[in-house]
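Colleague: I have not looked at this one before. Can you walk me through it?

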Amino acid sequence: MNFRVGIIGGGAAGMMAALAVQEFCQRATVLLFEKNAYLGAKVIISGGGRCNVTTGIKDVRKLLENYPRGAKFLMSAMFRFPPEAVMAWFEDHGVPLKVEEGLRVFPKSDLGKDVVGALEKALQEAGVVVRLNANVTRISHGDAGDAQHGRFLIEDLQGGAEHVDFLIITTGGNAYRHTGSTGDGYAFAKKLGHSITPLGPSLNSFTVAEKWIGEVAGVSFEKIGARLISFDGKRSFERTGPLVFTHRGISGPAIFALSSASAFEQYGSSEPMKLLVNFFPDERPDVLKKRLDEQLEIHSKKLLSNFLDIFLPHSFCQPFVETAGLNATKQVAQLNREERNKMLIFLQAFPLSVVGRGAGDEFVTAGGVVLDEVNTNTMESKICPGLYFAGEILDVDGYTGGFNLQASWAMGRLAGESLGKVVASTSQRE
């Protein structure tokens, strides 16, 4: 019997799942439904259009430390299709890769479309039937024993309908809605008996209350330590990494990671969260104090406003002085012990008031299909036989640095392989 497999969502997980199904069961008819006019819309624009394909971290257990939600669930998929295997797959399919700072992996061409192009070519060669502009509106589950029609019915906005025997949902989350990730998969999953966790934005910038923030837009730091404290003071989140000031707040990898860790925190202008920035995260306070004291002695005749650019970008010195409550026109030699201590404290705990998330900046959705309802070793639903999930629709998300695409490749591969083996085995029996 020729079984039909439907895959809803032509992103990273969906494309990889389709290829895996076909690889492990060539007799299956694989239908890949994508609502956009082309595949991999979000893959193409990731990494600023360069596509951060995966990470160069080889130790899977260390790799899993970069997932604030779903790390344990991902273990099986990651061990079966780790970053090294992902890199080998793309290079074997004509996409030379390079590893950059922070172990971020990109195509040498710096073009995300080359990554998708390799997948499209592989799909065509594998005989996967790709349905573009297929806006699926309804999925229903019929009699599992109805071999004539298949157990799932997929209906689209154009009035089309397809019966399939097995189904993989890889529709993504509800971030980057202009790429088609509008959260449709959550409704499909609920219709088929699954539960959805609360959803929140992840990997976004922060807006802050400080009025001077626009004056330092573009000022950046290669490495800071950041500690975010909930408005009630009961929870805190810490990360290190690059930071950049924007016209309305702060951005950069360290901030993206903090936003992910604090995805479900509630705050606003009346209840801000305090963010403490350590501009010297690798120096102990006593070591920094010694260095500060030495420079204060050497440059004792300088005004404070001209002295601080030894430690900080010049354009940031004035906001720093004002926030710390110091006098910028005071000569360094005139600073008393309290003022010197305040300077030291603010260099390693500079306060900002976080009042919101950058609108439209969400790359990833935190939350999704409850993981206890999905088999971690196969990606098959524990509730609805023949149904599989992969990708961001699940309650899995990672920090910036290629981790989310890596998770999608790995989950998609595992779902497709597991399903392909089931189809092959069933076909042999019949």
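Modeller: One term to begin with: rings of Phe, Tyr and Trp (its six-membered ring) pair if their centres lie within 6.5 Å. This is a predicted model. In it, ring pairs link Trp212, Phe221, Phe245, Phe279, Phe316, Phe320, Phe346 and Phe350 into a cluster.

Colleague: How many aromatic pairs does the structure hold?

Modeller: There are 21 aromatic pairs in the structure. One of them joins phenylalanine 316 and phenylalanine 350, with ring centres 5.2 Å apart and planes at 65°, so that pair is edge-to-face.

Colleague: Why is it that angle that decides the label?

Modeller: Planes over 60 degrees apart count as edge-to-face, and the planes of phenylalanine 316 and phenylalanine 350 are at 65°. In general, a pair of aromatic rings is described by the distance of the centres and the angle of the planes.

Colleague: Where do phenylalanine 316 and phenylalanine 350 lie?

Modeller: Phenylalanine 316 is in helix α11, which covers residues 314-324, and phenylalanine 350 is in strand β17, residues 350-357. The pair therefore ties together parts that are 34 residues apart in sequence.

Colleague: Is phenylalanine 316 buried or exposed? And phenylalanine 350, buried or exposed?

Modeller: Phenylalanine 316 counts as buried because its relative accessibility is 0%. Phenylalanine 350 is buried too, with a relative accessible area of 0%.

Colleague: Let me step back to the whole chain. How many helices and strands does the chain have?

Modeller: The chain has 13 helices and 19 strands. Its C-alpha atoms fill a box of roughly 90 × 45 × 35 Å along the principal axes. Of the 430 residues in the chain, 54% are buried.

Colleague: Pick two helices. At what angle do the axes of helix α1 and helix α6 cross?

Modeller: Roughly 30°. Helix α1 spans residues 12-24, helix α6 spans residues 112-126, and their axes come within 10 Å. That crossing angle makes α1 roughly parallel to α6, since angles under 35 degrees count that way.

Colleague: Which hand does the crossing of α1 and α6 have?

Modeller: α1 passes α6 in a left-handed crossing.

Colleague: Now the loops. Where is asparagine 204?

Modeller: Asparagine 204 sits in the loop between β11 (200-202) and β12 (206-208). At 0% relative accessibility, asparagine 204 counts as buried. Its side chain makes a polar contact with the side chain of arginine 357, at 3.2 Å.

Colleague: And histidine 194, where is that found?

Modeller: Histidine 194 is in the loop between α7 (184-191) and β11. With 4% relative accessibility, histidine 194 counts as buried. From histidine 194 to glycine 416, the C-alpha atoms are separated by 20 Å, and the two residues are 222 apart along the chain.

Colleague: What about backbone angles? What is phi of cysteine 51?

Modeller: Phi of cysteine 51 is near 65°, a positive value in a residue other than glycine. For background, most residues other than glycine have a negative phi. Cysteine 51 belongs to the loop between α2 (41-45) and β3 (54-55), and it is buried, with a relative accessible area of 0%.

Another case is aspartate 110, which has a positive phi of about 60° although it is not a glycine. Aspartate 110 is placed in the loop between β5 (104-107) and α6. At 27% relative accessibility, aspartate 110 counts as partly exposed.

Colleague: Back to rings for a moment. What lies over the face of phenylalanine 106?

Modeller: Arginine 50 does, at 3.8 Å from the ring centre. There is also arginine 239, whose charged end sits over the ring of tyrosine 399, 4.0 Å from its centre.

Colleague: Last topic, then: which loop holds glycine 160?

Modeller: Glycine 160 lies between β8 (152-156) and β9 (161-164). It counts as partly exposed, at 27% relative accessibility. Glycine 160 and alanine 134 are 26 residues apart in sequence, with 8.7 Å from C-alpha to C-alpha.

Colleague: Where is glutamate 162 placed?

Modeller: Glutamate 162 is in strand β9. Its relative accessible area is 17%, so glutamate 162 is buried, the cut-off being under 20%. The C-alpha atoms of glutamate 162 and phenylalanine 403 are separated by 34 Å, and these residues are 241 apart along the chain.

Conventions
Residues numbered from 1 in each chain as written. Predicted model: local features only at pLDDT ≥ 70, side-chain atom pairs only at ≥ 80, totals over all residues. Heavy atoms only, no water. Helix = DSSP H or I, 4+ residues; strand = E, 2+ residues; numbered from the N terminus. Buried < 20%, exposed > 50% of the residue type's maximum accessible area, 1.4 Å probe, protein only. Polar contact = N/O pair within 3.5 Å; in protein donor to acceptor, adjacent residues only side chain to side chain. Phe/Tyr/Trp six-rings, centres within 6.5 Å; stacked < 30°, edge-to-face > 60°. Lys NZ or Arg CZ within 6 Å of the ring centre and 35° of its normal. Axes fitted to C-alpha atoms, helices over the stretch in contact; angles between N-to-C directions. Parallel < 35°, antiparallel > 145°, perpendicular 65-115°, else oblique. Left-handed = near helix turned anticlockwise from the far one by under 90°.
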